[in-house]
Amino acid sequence: MSRRIDRPADRQARAIQLGPRSVAALVLVSAVGVVAFGWPFLAPPGSQLTAHAQDAPWLFAGLLVLLVAVVAATISESGLGPKAVAMLGVLAATGAALRPIGAGTAGLEPMFFLMVLSGRVLGPGFGFVLGSVTMFASALLTGGVGPWMPFQMLAMGWFTMGAGLLPGPDRLRGRTELAMLAAYGFLAAFAYGTVMNMAGWPFMGGLASGIAFAGDAPVAANLARFVAYCLATSMGWDLGRAVVTVVLTLVLGPAVLRALRRATRRAAFETAVTFEAPQG
């Protein structure tokens, strides 16, 4: 019996698959995130809602534990090793460095295109961790640490994870893949802004306007108020983010995807060994 060694250079870059433990960890962290964003909507109408200053530290602590669980589960089920963790660190540092470039300028945030491409290559598990860690690191760089930070980490984690869940990770290449990633980046940029609006909108009840959350109003009325709130406060910012993400994805996407896939192959440093029966 002969032994054949499959070298990383001989293998196509494949998307990092999710195993049962990775799925369970992602479902758990997403469920915690949904509860964190949604509990103010379930509060009784007469209750006095306060901002996230009370619950944010607990959410941040729990999120860190769950992120470690996602990383551990994904590494154990994907065949990747410490090099993959190092690659996550490099990508998170790069994304964090990109965020201040356009911060505060009409939503010009180039980090989002890198998260789309990285999530596509790394898959939903590593993608969620990358998005969350990148947002945490960028908050430290820009001085944006506050009660909103855990919610930004969750929203960016979902943003990056969604790119890893797009179809055809092993087969789809070329212009079709770029068009799909650009379309996802455009829509997800608005989704990110909408989710982040939900983190603060329930606490705007003190505003004497028709766009504030009203605990005693019907669901349809509050939905109309929320849409008006998004249009009035964040539509311009979200549009800028979406356009920048699309342009950078189409222009820089091919080169960045090749580099990420090459790095992912090298991160899978455990050489696959298969056995073949001798011929003749």
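R241 and D238 form a salt bridge, with 2.8 Å between the closest N and O atoms; the term stands for a side-chain nitrogen of Lys or Arg within 4 Å of a carboxyl oxygen of Asp or Glu. The model is predicted: local features need pLDDT of at least 70, side-chain atom pairs count only at pLDDT 80 or more, and totals for chains, interfaces and linings use all residues. Residues are numbered from 1 along each chain as its sequence is written, and side-chain values use heavy atoms, leaving out hydrogens and water.

**The R241 and D238 pair**

- R241 and D238 are three residues apart in helix 8, so about one helical turn separates them.
- R241 has a relative accessibility of 4% and therefore counts as buried; buried means under 20% relative accessible area, exposed over 50%, and partly exposed in between, with a 1.4 Å probe and protein chains only.
- D238 is also buried, with a relative accessible area of 4%.
- E109 joins D238 and R241 in one network, built from salt bridges that share partners.

**Overall fold**

- The chain contains eight helices and two strands; both are DSSP runs numbered from the N terminus, helices being H or I with at least four residues and strands E with at least two.
- Read from the N terminus, the order of elements is β-α-α-α-α-α-α-α-α-β.
- The chain has 280 residues, of which 45% count as buried.

- Side chains of opposite charge can pair when their charged atoms come close.
- Four salt bridges are found in a search of the whole structure.
- One of them joins R120 to E177, with the closest N and O atoms 2.8 Å apart.
- R120 lies in helix 4 (residues 111–142) and E177 in helix 6, so this pair ties together parts that are 57 residues apart in sequence.
- R120 and E177 are both buried.
- E177 also meets R261 in a salt bridge, at 2.5 Å from N to O.
- This second pair links distant parts of the chain, since E177 is in helix 6 and R261 is in helix 8, 84 residues apart.
- R261 is buried, as is E177.

**Helix packing**

- Two packed helices are described by the angle between their axes and the distance between the axes.
- Helix 4 and helix 5 have axes 7 Å apart and pack at an angle of about 165 degrees; axes are lines fitted to C-alpha atoms, for helices over the stretch in contact, and angles run from 0 to 180 degrees between N-to-C directions.
- Helix 4 and helix 5 are therefore roughly antiparallel to each other; angles over 145 degrees count as roughly antiparallel, under 35 as roughly parallel, 65 to 115 as roughly perpendicular, and the rest as oblique.
- The crossing of helix 4 and helix 5 is right-handed; a crossing is right-handed if the near helix is turned clockwise from the far one by less than a right angle, and left-handed if anticlockwise.
- Helix 5 (residues 149–164) and helix 6 have axes that come within 10 Å and cross at roughly 155 degrees.
- That angle makes helix 5 roughly antiparallel to helix 6.
- Helix 5 and helix 6 also cross in a right-handed sense.
- G162 belongs to helix 5, and its relative accessibility of 16% means that G162 counts as buried.
- Between G162 and Y184 there are 22 residues of sequence separation and a C-alpha to C-alpha distance of 8.5 Å.

**Nonpolar surface patch**

- F186, L187, L239, V243, V247, L250, V251 and L252 make a nonpolar surface patch of about 690 Å².
- Patch residues have over 30% relative accessible area and no salt bridge; like charges are joined within 9 Å, and nonpolar side chains (Val, Leu, Ile, Met, Phe, Trp, Tyr) within 5 Å.
- Accessible areas come from the Shrake-Rupley method with a 1.4 Å probe, and for residues only the protein chains shown count as cover.
- Helix 6 (174–200) and helix 8 (235–267) are the elements that give two or more residues to the nonpolar patch.
- Helix 8 supplies six residues, the largest share of the nonpolar patch.
- F186 sits in helix 6 and is partly exposed, with a relative accessible area of 32%.
- L252 sits in helix 8 and is partly exposed, with a relative accessible area of 38%.
- L252 and F113 are 139 residues apart in sequence, and their C-alpha atoms are 9.1 Å apart in space.
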